Amino acid sequence: MPGIQAGEGEKRRSLHGHWSSRMAFILAVTGSAVGLGNIWKFPYVAGQNGGGAFVLVYLVCVLLIGMPVMMSEILIGRRGRRNPIATMALLGEEEGSSPRWRLIGGMGVLAGILILSYYSVIAGWTLAYAFKSVSGSFAGAGPAEISAHFAEFVSSWELVGLCHTLFMSLTILVVARGVERGLERAVRFMVPALLVLMLALLGYSINSGFFGEGLAFMFTPDFGKLTGDSVLAAMGQAFFSLSIGMGAIMAYGAYLPEETSIMGTSAAVVTADTLIAILAGLMIFPLVLANGLDPAEGPGLVFHTLPLAFGQMTGGVLFATLFFVLLSFAAWTSAIGLMEPAVAWVVEHRHRSRAEAAMIIGVLIWALGFGSVLSFNVLSDITFIKGTIFDNFDHLTSNIMLPLSGVFIAIFAGWIMCRNSTAEELGGAGRLYRLWRMLARFVAPVGILLVFLKAIGLLPELS
Ligand code: PFF
């Protein structure tokens with residue numbers, strides 16, 4: 001394979017360059033993990049699934065399934081040093097199994113393409129809301145006005161389509177520029193800045209008078225509300241939010257220097273991602289309850305809640321603009337991760353330049369995205385299985401494709417790869433290694449399977 005040296009005794013190197021430091025990798029993986037999933041999706045899915053019990057299942061999934069799968073993905077990626085499809089094929093053969101493991105890489109690449117097609121539409125909303133904020137559209141507005149504003153905005157497919165186009169163009173631009181120059185720079189300032197702004201918003205929420213109610217909504221589990229679908233949604237959300245099960249983290253792992261600790265890095269990323277999701281919930285639910293909004297209203301939730309809060313606070317125009325700009329940045333760094341596996345594949349297998357590959361894949365995703373653009377207006381009445389085209393794309397990818405690849409990734413790292421290979425990547429066979437191996441071999445695959453069984457109604461109710 002051109003550009004990849006895999007000579008005997010010599011470590012493989014990636015064709016696409018390497019991260020300049022451990023910190024750069026942590027930032028990039030965090031940038032991919034932290035995105036609309038934490039701030040836009042987590043609160044609305046938690047709201048739709050009744051709060052407390054959902055949050056608890058989510059946390060259990062992150063710890064027992066998310067963490068070992070993330071470590072597995074990074075170690076597979078670093079060992080293979082190619083795009084996810086080629087890496088799975090290569091390691092499958094090297095470990096004495098079959099190159100057909102490439103199909104798992106393939107499913108990941110496909111999931112990334114499908115997810116980005118609707119992710120970009122919602123990211124387009126955040127861009128639009130950044131513009132609206134700066135022009136003072138929300139100043140002093142009440143709940144009814146904000147709702148009407150949102151409804152009017154999403155009803156225009158031209159406007160939503162334009163924002164989606166703008167966002168996809170920005171994503172193609174960064175991906176075309178390559179690993180270090182594009183990805184690293186985009187992430188370095190975004191995560192810390194977003195965190196600071198969220199803490200400020202949390203302060204506002206605490207003062208809303210409904211903080212206790214918000215806390216209770218998020219942390220008092222009512223297991224009666226835990227249906228098969230909501231357990232599946234919690235697991236799907238864990239995969240989505242951590243960016244695992246689709247090869248994005250595997251692709252990033254391919255650029256990771258040899259000496260970086262995979263365990264330490266995964267722990268840092270999982271902690272940051274989870275804290276930011278919880279923080280988002282804590283800042284949003286008190287405001288939802290204080291303003292008599294419906295926690296279960298769906299994808300519009302943050303676009304209703306936050307403008308309302310910004311509209312009433314001093315300096316709200318500035319805060320709102322900053323917030324939506326930062327959220328667009330967070331979405332941007334995640335979108336880069338969603339595109340990377342497909343682009344790396346086209347570069348390596350179709351022998352195109354990075355820029356060409358980014359263009360080809362980007363245009364394909366952009367076109368697919370119109371299914372979701374139209375789901376909120378022209379085609380909103382077309383519903384099947386789980387709802388609109390957007391709902392079905394989201395359900396199919398987050399709740400089915402990502403966990404399904406997750407099962408295979410865990411099985412591959414836990415059962416197919418030999419002990420020596422995984423121990424070498426994870427820095428020795430100590431206690432933590434054994435814990436990871438047990439989680440990857442048994443807990444994660446069985447856990448995911450149980451959730452699937454529960455979702456199709458084959459397990460009894462919990463209460
Ligand atoms: N984790 C991102 C978020 O929470 O917004 C979404 C995502 C990015 C999923 C990259 C998958 C991925 F590969």
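Here is a short chat about a few helices and one glycine in a predicted model.

Student: Why are helix 7 and helix 16 called roughly antiparallel?

Tutor: The axes of helix 7 (residues 157-177) and helix 16 (residues 354-375) cross at roughly 160°. Angles over 145 degrees count as roughly antiparallel, so helix 7 gets that label relative to helix 16. The two axes come within 9 Å, and the crossing is right-handed.

Student: What makes the contact of helix 7 with helix 16, by class?

Tutor: There are 15 nonpolar, five polar and one charged residues. Helix 7 brings in residues including Trp157, His164, Met168 and Ile172, while among those from helix 16 are Arg354, Met359, Trp366 and Phe370.

Student: How do you know that the span of helix 11 agrees with what it should be?

Tutor: Helix 11 runs over residues 228-242, which is 15 residues. At 1.5 Å a residue it should span 21 Å, and its end C-alpha atoms sit 22 Å apart, so the two agree.

Student: What makes helix 11 mostly covered?

Tutor: Of its 15 residues, 14 are buried.

Conventions: Residues numbered from 1 in each chain as written. Predicted model: local features only at pLDDT ≥ 70, side-chain atom pairs only at ≥ 80, totals over all residues. Heavy atoms only, no water. Helix = DSSP H or I, 4+ residues; strand = E, 2+ residues; numbered from the N terminus. Expected span 1.5 Å × (residues − 1). Buried < 20%, exposed > 50% of the residue type's maximum accessible area, 1.4 Å probe, protein only. Axes fitted to C-alpha atoms, helices over the stretch in contact; angles between N-to-C directions. Parallel < 35°, antiparallel > 145°, perpendicular 65-115°, else oblique. Left-handed = near helix turned anticlockwise from the far one by under 90°. Contact = heavy atoms within 4.5 Å. Nonpolar A, V, L, I, M, F, W, Y, C, P; charged D, E, K, R; others polar.
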